[in-house]
Amino acid sequence: TEEALRQAQKMEAVGQLTGGIAHDFNNMLTGVIGAVDIMKRRLASGRFDDLDRFLEVASVSAQRAAALTQRLLAFSRRQSLDSRPVHINALVGSLHDLLSRTLGESVALDIACDEQVGWGTADANQLESAILNLVINARDAMPTGGRLTLATRPAVLKAQDAAGTPEAKPGRYVVIAVTDTGTGMTADVLSKVFEPFFTTKPVGLGTGLGLSMVYGFARQSDGHVAITSAPGEGTTVELFLPAAEPPGETDADLPARLAGGEG
Ligand code: ADP
């Protein structure tokens, strides 16, 4: 069936990716093992010349392997998040210039922050890239122009509110909502958007990883993502993050956090 074919193609893509990485990693390990073997033999036969050269080869290969796994970790977003209280409206406001440049001239940008929104718990850097991902998706959905609204609001979820979004836990949240007036999505597309590598964009333009990264980030932050969309009308993606207590006024990090920095 079509579904099975799609699944197979996805597995093929994952296979190619991991195969390439495993090959590179293996080359680096071969460098380390080879250098260590030579050093062992030389030490056994009492030859101490040139040892520093082989040590250097082993060290450089090991460092390259470590750098590769670091990149992989960053890619899979499983590195530990630096979650702290973030002043949500300050962070959103600080993105204005970057976002309007990203959107270009044909898309109007509205930033509508609710004054009631205070602090949320999140990794500020990852939150910025999540918002950027959502804004790029919104832009791509409006090829002939439109309006993007980036809004914040507080939300209190009760147990029964979570019905449509099983991951949603009751509690106090800050919500960051990205609304576009673009193409919207059919129910079929909507049901697949969080799958890694799912994309409707032409080859080379979409990776199919944007929304799965946003989803992973939200879940790791004890939040969730809700999407409403209608074909021809547009889409709203809401990122729910747990509300945080304001940090103490004497906190030395406060100015940096207010500025939307990492703290
Ligand atoms: P990519 O953007 O690389 O395709 P994503 O995971 O970010 O990967 O998105 C997956 C798919 O979800 C997109 O290809 C598109 O079909 C759909 N999508 C995401 N955001 C929107 C949006 N704002 N409007 C319409 N469709 C969207």
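Guide: One term before we start: two residues are in contact if their C-beta atoms, placed from the backbone, lie within 7 Å. Also, this is a predicted model.

Visitor: Okay. What does Leu-239 touch?
Guide: Leaving out residues up to four places away in sequence, Leu-239 touches Ala-130, Val-175, Ile-176, Val-214, Ala-218, Gly-223 and Val-225.

Visitor: Which residues touch the most other members of the largest nonpolar core?
Guide: Leu-239 is one of them, along with Ile-88, Leu-134 and Val-214. That core has 37 residues. Several elements give two or more residues to the core, including helix H5 (124-140), helix H7 (210-220) and strand S7 (234-244).

Visitor: And which element gives the most to this core?
Guide: H5 does, with 7 residues.

Visitor: New topic. How many residues surround the ligand?
Guide: There are 22. The closest are Asn-137, Ala-141, Thr-199, Gly-206 and Gly-210.

Visitor: Which elements give two or more residues to that shell?
Guide: H5 and H7. The largest share comes from H7, with 3 residues.

Visitor: How many of the shell residues are nonpolar, polar or charged?
Guide: The shell has 8 nonpolar, 12 polar and 2 charged residues.

Visitor: Last thing. What pLDDT does the protein average?
Guide: The average is 86, and 83% of the residues score at least 70.

Visitor: What ipTM does the predictor give the complex?
Guide: The ipTM is 0.99, and the pTM is 0.71.

Methods
Residues are numbered from 1 along each chain as its sequence is written. This is a predicted model: local features need pLDDT of at least 70, side-chain atom pairs count only at pLDDT 80 or more; totals for chains, interfaces and linings use all residues. A nonpolar core is a set of buried Ala, Val, Leu, Ile, Met, Phe, Trp, Tyr and Cys residues joined through C-beta atoms within 7 Å. A residue is buried if 20 or more other C-beta atoms lie within 10 Å of its own, exposed if 12 or fewer, and partly exposed in between; C-beta atoms are placed from the backbone. Helices (H or I, at least four residues) and strands (E, at least two) are DSSP runs, numbered from the N terminus. pLDDT is the predictor's confidence in each residue, from 0 to 100. A residue is near a molecule or strand if its C-beta atom, placed from the backbone, lies within 6 Å of it. Ala, Val, Leu, Ile, Met, Phe, Trp, Tyr, Cys and Pro count as nonpolar, Asp, Glu, Lys and Arg as charged, and the others, Gly among them, as polar.
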